Amino acid sequence: MESPYLNSVRIDRERCTGCLLCVKNCLVQAIRVRNGKAVINSNRCIDCGECVRHCPTRAVTTWAEPLTELKKYKVNIALVTPSFYAQFDTSVPSAVLWAGLREIGFDSAFDVPLAGDYIAEEIEAYLAACQGPFPVISSACPAVLRLLQTKYPELLSHVVPALAPAEAAAIYVRRETTRQLRISPEEVGIWFLSPCPAKGTNIHQSVDVRHTAVTGSFTLSSLYAPLTKAVKKLQGTHNEFEEIPVGTSYGLSWGLKTGEIEATGERNALAVSGPKDVDEMFQQIMLGNLSDVKYIACYICAGGCIGGPSVAVNKFVAFKNLQRRISLRREREREDRRDAMRAAEICENFPHSADYIKPLQPKPVPPLDADFGKALEKMEALTALEKTLPQLDCGACGAPTCRSFAEDVVRGYAEAGDCIMKGRRKGAEAAEPCSGESCSRPE
Ligand code: SF4
Ligand code: SF4
């Protein structure tokens, strides 16, 4: 299954027991169990991380850079995301978290919610002028963008042409750092503190940005232990901690599924999260049932980015932490949302999305055959084989459904004989029909 597409989830074959839980929970049917071990097809994978959540043996992991990568750059800057803040309760002030990041190797930090304020304003202006198609779909979650590319390419024209706040932050920080320190862009490492695999993949193979300004990503789970240690050490000192400029409570709320809508001020909007709900919502848009909604913010992780598979703390704890941090920022802000956001926008020449994004391209699953005639023949063979299968979707063949198994056979990835239930059923049909009270087979 060679693929031109990257993905950031990995299977540790030693740990994998072939239990099929990942196969059954993958929305886009990207996983098969072959010879007792799970295998991911990168052509289909959207990096949602559901397999990470469901694997009972922790055999599925998300790839991310190790902290030693910082040594390759003269200056390293951490992009501090709302989901990062959500890992710590409010007894750890933001300034101590930023100081902690310096302790573990970063030179400085940039508050991504600050970029969220600019992007929310762009989206608000876009929605005010937009003539359709509706609903407009948020561009913030790269796993959602990949789902659209693979399964709903007809909806790509609905996506708002706006950078994700972290990308906008990276463009700004790289430009300003090279200008102020008079160093080359290659000497600057800009690091995303990531809650999920999709954002990591989008740095190395972006679906929506022409040239990403982000160098790489560290998962929140990998940073948590060293940072907690550094924070504890710092809290035992009497140091004064340096404050960095921050965005508003609205920019900070983007870590929650409803935050983006709140930041844009759009009232005719829906917030949807979790792979199954996002998928169901796209089906409803395809059916035309949501064309009276103006904006849909959708996140593949339940609850928004705080529910990502690469976070360190439980999503309900993270929700509570982030809500409290949002309240703290809001207490210090002007009452009107727009006034509060404009007061926080202190960056000169903040990047405009239109200068950096590229059109989203469909990324369909490869056809059954490059030759159209042969592809048709293979489709007929697939349908014929599917009819002979027991329709139990039991997964014993290693595929999630009988239809996906039939497709695997036609593509040459599996043998028709791999369906053990078909063999059993034939055996049962050949056996003498049971009769009377001695029969223990269910009716
Ligand atoms: S969930 Fe998938 S990766 Fe984990 S043990 Fe089961 S088959 Fe293997
Ligand atoms: S990350 Fe998501 S799409 Fe990719 S294999 Fe895992 S469950 Fe499937």
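Which residues of α16 are buried? I started there, working from a predicted model.

**Entry 1: helix α16**

I listed the buried residues of α16 and got C402, F405, A406, E407, D408, V409 and V410. That makes seven of the ten residues of α16, so the helix is largely enclosed by the rest of the structure. I counted a residue as buried when 20 or more other C-beta atoms lie within 10 Å of its own.

Next I asked what covers these buried residues of α16. I found β2 (31-34) and α15 among the covering elements. I also looked just past the end of α16, where G412 takes a positive phi of about 90 degrees.

**Entry 2: α15 against α16**

I took the helix pair next. Helix α15 spans residues 372-388 and helix α16 spans residues 402-411. I read an angle of about 135 degrees between them, with the axes 9 Å apart. The two helices are therefore oblique to each other. Their crossing is right-handed.

I then noted who makes the contact. From α15 come K378, A381, L382, L385 and E386. From α16 come C402, R403, A406, E407, V409 and V410. By class, I have seven nonpolar, no polar and four charged residues in this contact.

**Entry 3: α4 against α9**

I checked a second pair. Helix α4 covers residues 94-103, and helix α9 covers residues 220-235. Their axes come within 8 Å and cross at roughly 115 degrees. I recorded this crossing as right-handed.

On the α4 side, I listed V96, L97, A99, G100, L101 and E103. On the α9 side, I listed L227, A230, V231, L234 and Q235. The classes for the contact of α4 with α9 are eight nonpolar, two polar and one charged.

**Entry 4: ligand 1**

Which residues come nearest to ligand 1? I found C16, C19, C22, A38 and C55, out of 15 residues around the ligand. I sorted the shell of ligand 1 into eleven nonpolar, four polar and no charged residues.

**Entry 5: ligand 2**

How many residues surround ligand 2? I found 13, and the closest are C26, C45, C48, E50 and C51. The shell around ligand 2 divides into ten nonpolar, one polar and two charged residues.

Technical notes: Residues are numbered from 1 along each chain as its sequence is written. Chains are lettered from A and ligands numbered from 1 in the order in which they are written. This is a predicted model: local features need pLDDT of at least 70, side-chain atom pairs count only at pLDDT 80 or more; totals for chains, interfaces and linings use all residues. A residue is near a molecule or strand if its C-beta atom, placed from the backbone, lies within 6 Å of it. Ala, Val, Leu, Ile, Met, Phe, Trp, Tyr, Cys and Pro count as nonpolar, Asp, Glu, Lys and Arg as charged, and the others, Gly among them, as polar. Axes are lines fitted to C-alpha atoms, for helices over the stretch in contact, and angles run from 0 to 180 degrees between N-to-C directions. Helices (H or I, at least four residues) and strands (E, at least two) are DSSP runs, numbered from the N terminus. Angles under 35 degrees count as roughly parallel, over 145 as roughly antiparallel, 65 to 115 as roughly perpendicular and the rest as oblique. A crossing is left-handed if the near helix is turned anticlockwise from the far one by less than a right angle, and right-handed if clockwise. Two residues are in contact if their C-beta atoms, placed from the backbone, lie within 7 Å. A residue is buried if 20 or more other C-beta atoms lie within 10 Å of its own, exposed if 12 or fewer, and partly exposed in between; C-beta atoms are placed from the backbone.
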